[in-house]
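Q: Could you help me take a close look at one part of this model? I would like a connected walk through the spot and its surroundings.

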Amino acid sequence: MKKLNLPIIRETVPEAKWLSMDDYLKFVNLHLKHTFNRKASQQWKKLLAVNIPFFIK
């Protein structure tokens, strides 16, 4: 196995920030607005669709 050369963090970890549901919803919508590619998603769904009929004997 390869030895990893990871940095050693000596600072204290900041306290967690609690979000209200409204703030969380704003965060999720902002994330989707800037990271979700609707066109690529629709193309991927078309590739995954089955277009061959099947039946059980």
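Where is the place of Ser-20?

A: Happy to look at this with you; please keep in mind that the model is predicted. Ser-20 sits in the segment before α1. Its relative accessible area is 37%, and because that value lies between the cut-offs of 20% and 50%, Ser-20 counts as partly exposed.

Step along to Met-21 and you are in helix α1, which covers residues 21–35. Met-21 has 66% relative accessibility, which is over 50%, so Met-21 counts as exposed. Met-21 also belongs to a nonpolar surface patch of about 460 Å², made together with Leu-19, Tyr-24 and Phe-27.

Lys-45 lies 25 residues away along the chain, and the C-alpha atoms of Ser-20 and Lys-45 are 33 Å apart.

The protein chain contains two helices and zero strands. Its radius of gyration is 22 Å, whereas a compact globule of 57 residues would come out near 10 Å. Along the principal axes, the C-alpha trace spans about 65 × 45 × 25 Å.

Terms used: Residues are numbered from 1 along each chain as its sequence is written. This is a predicted model: local features need pLDDT of at least 70, side-chain atom pairs count only at pLDDT 80 or more; totals for chains, interfaces and linings use all residues. Side-chain values use heavy atoms; hydrogens and water are left out. Helices (H or I, at least four residues) and strands (E, at least two) are DSSP runs, numbered from the N terminus. The radius of gyration is taken over C-alpha atoms; the globule rule is 2.2 Å times the number of residues to the power 0.38. Patches are made of residues with over 30% relative accessible area and no salt bridge: like charges are joined within 9 Å, nonpolar side chains (Val, Leu, Ile, Met, Phe, Trp, Tyr) within 5 Å. Accessible areas come from the Shrake-Rupley method with a 1.4 Å probe; for residues, only the protein chains shown count as cover. A salt bridge is a side-chain nitrogen of Lys or Arg within 4 Å of a carboxyl oxygen of Asp or Glu. Buried means under 20% relative accessible area, exposed over 50%, partly exposed in between (1.4 Å probe, protein chains only).
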